[in-house]
Amino acid sequence: MKGTLAQKLIGEHVGREVKPGEFVIAKVDVAMVQDGTGPLSVRVLQRLGLEKVFDPKHCILFLDHASPSPRKELSNDHMLLREFSRKTGATVSEIGQGVCHQRLIETFVKPGDLVVGADSHTCTSGALGAFATGMGSTDVALAMALGKVWLRAPQTIKVVFTGEMPPGVFAKDLILYFIGMIGADGATYKALEYTGDTIANMPLHERAVLSNMAVEAGAKAGLIATDEKTREFLAEHGRESDFREIKPDEDAEYERVIEIDVTKIEPQVACPHTVDNTKPVTEVLGTKVNQVVIGTCTNGRLEDLRVAAQIVKGKRVADSVRFLVVPASRKVYMDALADGTIQTLVESGATILPPGCGPCVGVHQGVLGDGEVVLSTQNRNFKGRMGNPKGLIYLASPATAAATALKGEIDDPRKYF
Amino acid sequence: MILRGKAWKFGDDISTDHIAPGRYFHLRSNLPELAKHVLEDAREDFKDKVQEGDIVVAGRNFGLGSSREHAPRIIKLRGVSCVIAKSFARIFFRNAINIGLPVLETDTDKIDEGDELEVDLENGVIRNLTKGIELRFEPIPPFMLKIINEGGIEEYVKKHGDLKIE
């Protein structure tokens with residue numbers, strides 16, 4: 001196959017070359033729903049008399065958004081999904097096992113796959129060189145039953161990050177900066193392809209942040225070619241044999257190319273109520289917060305928790321702050337227990353929540369009061385996102401979050417590096 | 001297909017959290033109940049006063065955010081005949097097509113709250129009957145129009161017994 005990563009990956013699943021704009025039917029390797037979207041998918045398949053899955057191991061039902069369930073209605077939704085699994089063999093990822101996107105990159109997705117998920121942040125797996133994209137419940141229901149999906153092949157924007165990351169600056173700052181620049185609809189319908197020497201030197205847990213937030217610029221996918229860093233990540237998770245080289249052609253055609261010199265980027269904060277409302281942290285210093293959240297599919301990985309622990313070690317977070325930490329998966333939780341990270345965080349005043357989506361979706365575990373302010377490492381700050389339209393949500397990196405928790409107001413993390 | 005209805009105006013960046021707020025997560029398996037809160041966080045008066053056939057008219061990037069298909073479904077469930085915006089977020093657009101809710105892109109600055117609109121889907125024309133002007137929209141690609149005309153992707157698969165592009 002020829003062209004951009006998107007063209008090659010889609011082409012492999014259609015069985016021929018594809019051009020941007022073309023409508024195709026593509027073969028699916030991994031299909032997933034979560035507890036907020038899956039019940040609708042199951043009902044679609046029940047109505048169609050298609051209660052089956054094309055590959056039980058790779059059709060996954062994640063119980064992560066209401067985990068554990070805070071209300072009877074959601075407990076009943078969980079029962080519906082477990083029952084579907086019993087009937088079809090589809091895999092259930094139970095409460096406490098973690099956020100779907102983290103579990104997908106740890107366990108289920110391999111380079112070269114085509115992944116569809118009834119969750120907009122399915123694009124996270126693009127960091128592994130898979131074409132991964134979010135869709136609705138009906139699309140994914142059909143993908144689970146039939147093993148295929150309709151797609152419009154996207155154009156691609158190439159995003160080239162160059163230079164060494166300044167101390168205290170992380171992938172989260174890069175992607176917030178980029179979204180602030182291009183806008184929340186700057187890449188609508190398009191694939192993003194992240195490349196450049198900064199990416200070549202970036203470990204996979206950071207690449208996943210860039211891919212995760214591609215959708216916040218409107219993109220269909222956030223793709224990264226595979227390399228030794230990809231291989232290392234797979235090896236750490238006991239599946240080096242899943243590695244495959246996936247890279248775009250040198251003469252691939254891009255809709256446009258955007259170059260970003262990361263050496264000039266400061267820690268970034270997205271201010272209420274849109275992700276593209278970004279500012280350098282120095283412009284929002286002193287903003288009082290009631291709650292700090294470190295976790296989610298964006299920044300709840302072991303390295304994120306470690307950075308936070310390094311900053312709060314031996315200190316106490318401000319009395320005025322509720323400091324919530326949500327490991328993205330059970331594996332992250334176990335590793336953070338084993339190396340003392342959790343102990344350090346708890347000693348600083350953190351409340352550890354079970355692996356899952358935590359307070360990000362506004363269902364439970366840290367809903368804001370009227371007029372309250374949170375700084376979170378999640379990916380969205382829309383009005384009402386965390387359960388209260390009268391709450392104010394700021395987004396930043398785990399380092400900025402930890403520094404902010406200590407001070408009780410938004411703070412610059414660079415003093416700790 | 002010709003649609004006719006009264007315009008309700010919304011701004012830019014109306015997210016799926018505005019349309020189907022996360023605090024009603026527990027109502028997702030009860031769409032009629034969830035629909036009582038449709039677009040509640042964008043404007044409070046809409047959910048109680050919207051009439052069968054009315055048209056949601058918005059600015060840029062309508063439906064950004066989560067993949068929740070419940071968002072277009074509850075808009076349709078409340079009787080809205082189509083959504084017209086300057087642009088749509090990708091997943092919302094796709095979901096709307098899949099459930100048979102027409103979504104049209106045009107310059108919505110030429111439509112005001114309460115304007116009577118007539119939409120000709122096949123020919124790509126919106127007639128603003130109140131203002132006596134015509135707006136054009138990019139015709140919906142044939143594959144998508146077919147899904148809409150057959151009542152959504154579920155009906156499409158039921159009818160054709162498979163997912164295919166003819």
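In which helix of chain A does Leu74(A) lie? Leu74(A) belongs to helix H3 (residues 72–88) of chain A, where helices (H or I, at least four residues) and strands (E, at least two) are DSSP runs, numbered from the N terminus. The model is predicted: local features need pLDDT of at least 70, side-chain atom pairs count only at pLDDT 80 or more, and totals for chains, interfaces and linings use all residues. Residues are numbered from 1 along each chain as its sequence is written, while chains are lettered from A and ligands numbered from 1 in the order in which they are written.

View 1. Leu74(A) counts as buried because it has 24 C-beta neighbours inside 10 Å. A residue is buried if 20 or more other C-beta atoms lie within 10 Å of its own, exposed if 12 or fewer, and partly exposed in between, with C-beta atoms placed from the backbone. Leaving aside neighbours within four places in sequence, Leu74(A) is in contact with Asp35(A), Ala66(A), Ser69(A), Phe25(B) and His26(B); contact requires that the C-beta atoms of two residues, placed from the backbone, lie within 7 Å. In the loop between strand S3 (59–62) and H3 of chain A is Pro68(A), and the peptide bond from Ser67(A) to Pro68(A) is cis, with omega near -5 degrees.

**View 2. The contact between chain B and chain A.** Chain B contributes 38 residues and chain A 44 residues. Helix H1 (16–19), helix H5 (90–99) and helix H7 (153–160) of chain B each supply at least two residues of the side of chain B that touches chain A, and H5(B) gives the most to that side, with 6 residues. The predictor assigns the complex an ipTM of 0.96 and a pTM of 0.97.

**View 3. The two domains of chain A.** Domain 1 spans 5–261 and domain 2 spans 268–416, with bounds from an automatic or database domain assignment. Their contact takes 32 residues from domain 1 of chain A and 33 residues from domain 2 of chain A. H6(A) gives the most to the side of domain 1 that touches domain 2, with 6 residues. The C-alpha centres of the two domains lie 24 Å apart.

**View 4. Helix H14 of chain A and its packing.** Of the 10 residues of helix H14 (residues 398–407) of chain A, 9 are buried. These buried residues pack against strand S12 (268–270), strand S14 (291–294), helix H10 (296–299), helix H11 (302–312), strand S15 (322–325) and strand S17 (373–376) of chain A. Gly408(A) follows H14(A) and has a positive phi, near 85 degrees.

View 5. Asp13(B) counts as buried because it has 26 C-beta neighbours inside 10 Å. With 25 other C-beta atoms within 10 Å, Leu39(B) is buried.
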